[in-house]
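I opened the notebook to look up charged side-chain pairs. Entries follow in the order I checked them.

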Amino acid sequence: MSAEASVGSHAANSADSAIAPPSCYNTDEQRHPSLLGSKYVKLNVGGTLHYTTVQTLSKEDSLLRRMCNGETEATIDPEGWVVLDRCGRHFGVVLNFLRDGSVPLPDDCRELDEVLKEAQYYQIQGLVQHCLSAMQKKKDILESVCGIPMITSAKEEQRMIASCKKPVVKLQNNRGNNKYSYTSNSDDNLLKNIELFDKLVLRFNGRVLFVKDVLGDEICCWSFYGEGRKIAEVCCTSIVYATEKKQTKVEFPEARIFEETLNILIYENNRRSGPGGLHLLDSRGSGSSLGAGQSEEEGATGGDRRVRRIHVRRHIMHDERGHGQQTVYKD
């Protein structure tokens, strides 16, 4: 072939190359094998525009680094923007983490989960671990919050107590009961029972499940559960027989309530089944003394297991004076 023909053929091939681009490109977008020839990168992430450097994108072993070094193809539009088909809401967090090695994360749990999903997509393990650590801290904080369940039905109560691995203390507080006598003394005692409940919740938070109940017939009654069964009960309702009518009032046996709360701790972490656990319970049930004005009744609940039921009793004596004279109340 002559030199002229060779030159002519080369010129024709060059013209054809200028007219027809390679089959992997088109007029709308181009897939470049590498971005290493550029110092700056324009990113279009779901319509959100970002401007950064190849150095920033290459700081961690991630999908973004592989796009920069050519291991993963990058889609570039005709204006030179690298197009990423992701939501751009949290991409600024991703870039700031690559720049600084750490970044403040959203407080909202849903937004934090969205950042985690973006970090997992871009395969930035440092940011993934940062998000997981933040989620665990939030979980620990939420678990440490003192929450008091409110019983709404008998079935709910049974399921809650049966499934709980902790000892359970339930306060039944039914001020709307029509047996209740609205006297200042009863109101004060009912309030004291509720205040004691709150104090015990704060003191034994995490060790005992405390439950409130506004249903049932009793006005004020404490129940203590261990291993899914009732161990003891302290009823704070007393009946007063006056000359004119019978009155139902509320008492506040603080010492006995606190004592039963301490006793229920032997069921914590199944410690009752350990050495001396059952012996401690039996000796407590048979050997402890009751305060004045209290009685203890034991009812079998199956086998040798019994429930200690403590009821407050108020005794009333009448003097020998004539009709209409004052009645003397003695506790």
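These entries cover the salt bridges and how exposed their partners are.

Entry one. I am working from a predicted model. I started with the total, and it came to 12 salt bridges.

Entry two. I looked up D61 and R66. Their side chains meet in a salt bridge, at 3.4 Å from N to O. Are the two partners buried or exposed? D61 is exposed, because its relative accessibility of 52% is over the 50% cut-off. R66 is buried, because its 18% lies under 20%.

Next I took E111 and R89. I found a salt bridge between their side chains, with an N to O distance of 2.9 Å. This pair links distant parts of the chain, 22 residues apart. E111 sits in helix α5, residues 109-122. R89 lies in the loop between β5 (82-84) and α4 (91-100). I noted E111 as partly exposed at 26% relative accessibility. R89 reaches 54% and counts as exposed.

I turned to D113 and K117. Their closest N and O atoms are 3.1 Å apart, and the two form a salt bridge. How are they placed in helix α5? They are four residues apart, so about one helical turn separates them. I logged D113 as partly exposed at 30% relative accessibility. K117 is also partly exposed, at 40%.

Conventions:
Residues numbered from 1 in each chain as written. Predicted model: local features only at pLDDT ≥ 70, side-chain atom pairs only at ≥ 80, totals over all residues. Heavy atoms only, no water. Salt bridge = Lys/Arg side-chain N within 4 Å of Asp/Glu carboxyl O. Buried < 20%, exposed > 50% of the residue type's maximum accessible area, 1.4 Å probe, protein only. Helix = DSSP H or I, 4+ residues; strand = E, 2+ residues; numbered from the N terminus.
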